[in-house]
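Q: I am new to this structure and would like to learn how to read its features one at a time. Could we begin with the words used for how much of a residue is covered?

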Amino acid sequence: MPLWCPQVDSYDVTVDEELGEIQLVKIEKRKYWLHDDWYLKYITLKTPYGDYIEFPCYRWITGEGEIVLRDGRAKLACDDQIHILKQHRRKELETRQKQYRWMEWNPGFPLSIDAKCHKDLPRDIQFDSEKGVDFVLNYSRAMENLFINRFMHMFQSSWSDFADFEKIFVKISNTISERVMNHWQEDLMFGYQFLNGCNPVLIRRCTKLPKKLPVTTEMVECSLERQLTLQQEVEQGNIFIVDFELLDGIDANKTDPCTLQFLAAPICLLYKNLANKIVPIAIQLNQIPGDENPIFLPSDAKYDWLLAKIWVRSSDFHVHQTITHLLRTHLVSEVFGIALYRQLPAVHPIFKLLVAHVRFTIAINTKAREQLICEYGLFDKANATGGGGHVQMVQKAMQDLTYTSLCFPEAIKARGMDSAEDIPNYFYRDDGLLVWEAIKTFTAEVVGIYYESDQVVAEDQELQDFVNDVYVYGMRGKKTSGFPKSIKTREKLSEYLTVVIFTASAQHAAVNFGQYDWCSWIPNAPPTMRAPPPTAKGVVTIEQIVDTLPDRGRSCWHLGAVWALSQFQENELFLGMYPEEHFIEKPVKEAMARFRKNLDTIVSVIAERNKKKKLPYYYLSPDRIPNSVAI
């Protein structure tokens with residue numbers, strides 16, 4: 001809830017002499033009450049000639065404070081010829097660089113903001129109310145809303161069978177999650193999730209069978225529908241692979257001495273059948289082949305195959321939470337946000353463009369470090385990668401965090417998943433490309449308005465400092481990351497801005513807001529496993545599977561978490577909404593209107609397609625994509 005009531009005050013200031021062109025406006029605030037912080041949106045000045053000049057602010061003035069504002073026209077440093085304006089730019093950045101300091105939260109991580117807790121952050125980037133983002137509060141409230149608190153006293157006891165999980169599930173009516181509950185054991189549902197579930201970023205076309213997965217045609221021939229050998233199916237592009245190598249060697253959670261927890265690092269082979277559906281055909285639960293690491297097949301005993309799939313789903317959950325979601329949207333967006341505040345003054349057009357896309361990101365991440373992913377945090381309660389495994393995962397995954405992998409079309413292409421004709425029904429790809437192009441068109445227009453040539457881009461020192469800050473601190477100066485140290489052309493700049501906006505908005509939406517849909521049915525996304533992976537075939541029973549799945553308490557924590565994480569913020573701002581008018585120029589406002597129109601068209605296209613779908617895909621519909629990472 002906001003802590004202030006908006007007011008508009010008008011003051012007549014009469015001066016006897018001609019002031020000339022107004023360059024700056026200074027606002028001073030005296031402290032009268034304990035909590036009298038003032039959020040100033042903007043000031044409008046009327047000149048003696050009847051002209052109105054807008055001075056945007058959108059900042060807090062706290063204590064005995066003052067703010068010096070420039071008018072709303074965006075200016076590059078080269079546009080400022082007057083000494084007082086140059087000085088204002090420099091002083092603003094000097095102040096910000098003292099407030100927004102880099103810090104290493106854990107070795108090998110992207111650097112983050114230097115703040116131990118939410119209240120240590122600069123006032124301008126704090127949430128209006130800390131309660132709304134209190135994870136402990138939200139998870140507990142979620143469990144209350146879901147009527148699952150009554151199971152918490154049985155924290156370490158197992159469920160009795162799959163149907164037993166319905167006791168914590170049945171209270172919420174949700175089309176997708178109910179469909180998952182009813183069909184989770186089916187190979188079609190298992191395969192579909194790699195395309196359009198919570199983590200649609202791992203599946204890749206298999207161009208060569210890896211030696212570490214010694215699967216043969218004989219093993220899988222009952223799954224192959226084209227009368228071809230496995231090798232021929234690979235050559236025809238019908239075989240896909242998901243390799244959880246990242247989890248190999250990661251320590252499982254040992255924070256609870258009463259419950260042993262386990263991880264695996266599976267390799268899953270999938271097949272595009274004659275109906276163009278993706279189905280699993282072979283699963284090996286660890287990386288090194290051998291007698292005690294068999295390859296599980298659809299032709300195996302029912303529960304052997306089911307448990308192998310459950311292990312893959314659990315592994316997918318871990319990679320999704322820690323890498324796809326935390327590292328590749330939250331932490332990356334924070335890097336862009338800190339660099340933005342440190343290197344671009346409020347008058348800079350790129351600051352004006354991006355500030356809406358880093359709204360509350362630094363705050364939510366700080367809160368997560370304070371309560372969620374810290375030592376003894378909430379993450380440890382239910383997840384097998386808690387207790388430090390998630391930290392090891394991020395350190396390992398930093399090797400693969402490249403600039404190109406954040407460029408959506410290139411990332412899809414690199415996995416061999418770009419052909420819509422060849423791989424239909426990959427809605428994450430189809431919708432993502434539409435949104436990417438809409439953002440790129442918009443950023444290119446804005447860049448064109450303020451940069452009349454590539455030379456102006458190359459000579460914009462503030463912009464170069466912003467890009468360099470991201471490279472040096474965010475990506476730890478690693479050349480292999482492929483992050484640019486500088487940007488020389490308008491085209492490269494609009495691509496870079498698209499990466500920033502797409503990562504914070506669309507990519508985060510695609511991997512965050514489906515968590516309740518896909519992960520609330522516990523056997524479909526177990527956050528932990530309480531027995532090691534099977535080392536032989538023909539021994540798995542239903543009782544064994546239920547005893548391997550999370551206990552009642554961890555199931556409840558998990559359910560509260562995925563529910564809370566799937567909710568939008570109060571007063572959410574969606575893609576294309578810019579209520580804070582940092583830009584006042586007509587050409588940019590027209591570009592924003594065109595952007596919104598493009599996004600509306602995409603909303604209609606997606607809605608039309610979803611009409612015919614039993615399983616609609618809506619995470620990348622622009623009216624469901626928040627502007628920034630804020631949950």
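A: A residue is called buried when its relative accessible area is under 20%, exposed when that area is over 50%, and partly exposed in between. Please keep in mind that this is a predicted model. With those cut-offs, Glu370, at 30% relative accessibility, counts as partly exposed, whereas Lys367, with a relative accessible area of 2%, is buried.

Q: Which residue forms a salt bridge with Lys367, and how far apart are the closest N and O atoms?

A: A salt bridge is read from a side-chain nitrogen of Lys or Arg within 4 Å of a carboxyl oxygen of Asp or Glu. Here the partner of Lys367 is Glu370, and the closest N and O atoms are 3.9 Å apart. Both residues belong to helix 9 (residues 361–371), where they lie 3 residues apart, about one turn of the helix.

Q: Where do Lys586 and Glu590 lie, and are they buried or exposed?

A: Lys586 and Glu590 both sit in helix 21 (residues 586–610), 4 residues apart, which is again about one turn of the helix, and they form a salt bridge whose closest N and O atoms are 3.9 Å apart. Lys586 is exposed at 60% relative accessibility, while Glu590 is partly exposed at 36%. Elsewhere, salt bridges that share partners join Arg70, Asp80, Arg89 and Glu462 into one network.

Q: How many salt bridges does a search of the whole structure find?

A: The search finds 31 salt bridges.

Q: What is the order of the strands in the open sheet, and which strands stand at its edges?

A: The open sheet has 5 strands in the order 7-8-9-10-11, with antiparallel pairing. Strand 7 (204–205) and strand 11 (295–296) stand at the edges, and each has a single partner strand, so one side of each is left without a neighbour in the sheet. Strand 9 (residues 267–272) pairs with strand 10 (residues 278–284) over 6 bridges in the antiparallel sense, and Ile267 has Gln284 in strand 10 as its bridge partner.

Q: Which strands does helix 7 touch?

A: Helix 7 (residues 302–343) packs on the sheet and touches strand 9, strand 10 and strand 11, its direction making about 95° with that of strand 10.

Conventions: Residues numbered from 1 in each chain as written. Predicted model: local features only at pLDDT ≥ 70, side-chain atom pairs only at ≥ 80, totals over all residues. Heavy atoms only, no water. Pairing = 2+ DSSP bridges. Helix = DSSP H or I, 4+ residues; strand = E, 2+ residues; numbered from the N terminus. Contact = heavy atoms within 4.5 Å. Axes fitted to C-alpha atoms, helices over the stretch in contact; angles between N-to-C directions. Buried < 20%, exposed > 50% of the residue type's maximum accessible area, 1.4 Å probe, protein only.
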